[in-house]
Amino acid sequence: MNNLSEYQNTPKDTEHQQEDPDVISFIVPMVKILFMYRQVIIVMFLLVFSVLSFQFLSVYYTGSMPQEINSYIGFILTFEGSDKGFYPNGTKFSENDILSEPVVSEVYNANKLNDYITLTDFQSSLSVSQISPEKELIEAKYNAVVATKEFPPAEKERLLKEYIELLKSKSPSSYRLTFDKRFCKRKITAPLMSKILTNILEVWSKSSITKRGVASYTISIMSTNLLDKNLIFNENYLVSVEMLKSRINNIIDTINQMLSIPGISFIRSNQDNLNIVDIKLQIMDRLSYKVIPLYSRILSSNSLGDPERAISYFQSIRREYLSKIDISRNKMKVYDDTLNVYNKVKTQLQTQSQANSPSSDKYQMFAPQLSDAFLDKMMNLTSQKEDLSYKQKLVNASMDEGLKLATLLEGEKEYSEILDSLMKSLQKNKTNGPFDINLKNVQVKNEISEIIDFMISKLKQIDDIYKRASYLNLDPKTELAKIVTPVININENNINPINVKQMIIRKVSLLFVAMFFTMIACLIHHKKNEILKLTKRALQ
C-alpha cells in the first residue's frame, strides 16, 4: 500500500497535476466565449449545412438520372460480295472505309458540327463494329475449352488456328455505327444525331460508287484505237498479222472475264441481236479461218516484204517463249520436290509416332489432357484437313504450271516453224533476187483491213453488252448499306454507392472545417472587443 502511494506521488505526477489548472483555465474561458456566440455559430452551422446539403442533393439527383453516353444505328451491307469481304468489283472491303477521312469531313462540314465537337474528336468518337451471334457463340465455346483444359503449345496453337478459321467463315449478320457523345462540348439533339449517323452511310455509299467505282466491274475493254490500220500496216505484213492475232487473243481473254458477270449471256447486242457467247464464237472462227491462214499465204507469196526484219521480230518472240518455258519447268520442279520432301518428312514422323509405346511417360503426360473425345476428334480432323489441303495446293499448282508449259511449248513450236519458213524465203530471196514488195500484196492488205473492220465492230458490241450488264447488276443508284434499326441511345448512371460515400465524407469534412473557422472568427471578434474596451477605459 505504501509502495502504491509512493508511486502516485512521484515528481512526474506532481508536475502533471500542477499543469491541469492552467489547461482548465485556458479551455473554460474559450467555451464561455463560444457559448456567448452560440446564436452566430448555430446560424452559420445551419447555413453551411443547407448549402452543402443542397449541393449534395443536386449532384446526386443529376448523377442518378440516366445520361446518354453514346448512340448507334444498326445496318446491313446490301452489295454483292459483302459476305466475303469484297465490293462488287472485287476490291477488298474494310470497315474503315465507312469512317474514312473524306467521308467524316464531308458529314462534319455538311451538318455544321464545329459548335458541338472538333473534327478530330468527331472522327475519334465514331466506330463501326460487327454483330454476329454465331461469332459470339464460337468465341464463348473457344474460351470455355481453353479455360477448362491445359494444352501443349503445339496443340494450343492448332486449336487457335482452327478457331480463327471458323471466325473467318462466319460473316457478320449486321454492323453497328456508334457515336460516343462524351467527346461533345454541347448536347446533340436526337434529330441531328439521327441525321449524322444516316449521312455517314449515305456519303460513304455515294463516294464509293461514284469516286472509287466499287460498283463497276474491273474488266478493261480494249480500245478500238489499238486496231488502227495505219499502226498495223506500218509493219511487215507478217508482223501485221502477228499483231492482229495478239489483239484478237486479248479480246477473247476479255470475253472470258466477262462471262463471270451474272446474267450476261442473256444480254444481246443492239446491232446483230447476238449475245457475248455468239460474239466469242464469231471471233474465234475469224481467227482460225481468216487470220491463221494468212501466215502461210504471206510466206508462200511475194507479199512478205523485208524477210530480215520479220526474222528479227519472230526471233525475239521465240526467245521470250524459251525463257518462259525454262521458268515454267523450274517452277514445276520446285513443286514436285516440295511435295516429295513433305511426304518423306510426314512418313518419318508417322513412323516415329507409331514406334512410341502407348505406356510411355510422354503418352501418360498428354493422355489426360486429350482424353476428351470431342477435342481429340477436332484435333485429328484439323490435322488431316491441313495435310490434305497442303498437298492439294501443291498438286494443283503443279498441274496448272504443266498446262501453262504445254501452251508455251506449242507456241514455241509455232514460231519455230514460222522462222524456218522465213529462213527459206530469205534463201530464195538471195538466189532469185529481191522480192517485188508491191507485187500481189493488195489482196493480203484488203483481207487484213477487212478483219480489222470486223474486230472494231465486235469491240463496240462487246462494250455495249458490258455496260448494260454492269448497269443491271451494279445499279449506280443502289445503296451499299441499309439501315435496319433506328438510332438507339445507351444511358449510364454516374452515381454508385462508392461515389455517394465519398461525397458524404467530403461534405461532412467541409462542414467541420467551416465550423472550425467560424469558432476561430468568434474568438478573434471577442478578443478585438476586449481590446477596444480596455482602450476606452485607459483613455477615460
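In the predicted model, helix 4 is followed by K112, a residue with a positive phi near 50°. Helix 4 itself spans residues 101-110, and its buried positions are V103, V104, S105, V107 and Y108. These buried residues pack against helix 5 (119-125), strand 2 (126-131) and helix 8 (190-210).

The largest nonpolar core contains 45 residues, of which L238, I248, I283, F314 and L422 touch the most other members. At least two residues of this core are supplied by each of helix 10 (237-258), helix 11 (276-299), helix 12 (307-355), helix 14 (373-432) and helix 15 (442-473). Helix 15 provides the largest share, 11 residues. A further core of 36 residues lies apart from this one and includes V103, V104, I196 and I200.

With residues up to four places away in sequence left out, K280 touches I252, I255, N256 and L259.

The structure holds 10 salt bridges. One of them joins the side chains of D278 and R268, with an N to O distance of 3.5 Å. This pair links distant parts of the chain, since D278 belongs to helix 11 and R268 to the loop between helix 10 and helix 11, 10 residues apart. D278 counts as partly exposed because its relative accessibility is 25%, and R268 is likewise partly exposed, with a relative accessible area of 36%.

Two other salt bridges are formed within single helices. E320 pairs with K324, their closest N and O atoms being 3.4 Å apart; both residues lie in helix 12, four residues apart, about one turn of the helix. E320 is partly exposed at 44% relative accessibility, and K324 is partly exposed with a relative accessible area of 41%. In the salt bridge between D464 and R468, the closest N and O atoms are 3.3 Å apart. D464 and R468 are both in helix 15, again four residues apart, about one turn of the helix. Relative accessible areas of 25% for D464 and 30% for R468 place these side chains in the partly exposed class.

Terms used. Residues are numbered from 1 along each chain as its sequence is written. This is a predicted model: local features need pLDDT of at least 70, side-chain atom pairs count only at pLDDT 80 or more; totals for chains, interfaces and linings use all residues. Side-chain values use heavy atoms; hydrogens and water are left out. A nonpolar core is a set of buried Ala, Val, Leu, Ile, Met, Phe, Trp, Tyr and Cys residues joined through side-chain atoms within 4.5 Å. Buried means under 20% relative accessible area, exposed over 50%, partly exposed in between (1.4 Å probe, protein chains only). Contact means heavy atoms within 4.5 Å. A salt bridge is a side-chain nitrogen of Lys or Arg within 4 Å of a carboxyl oxygen of Asp or Glu.
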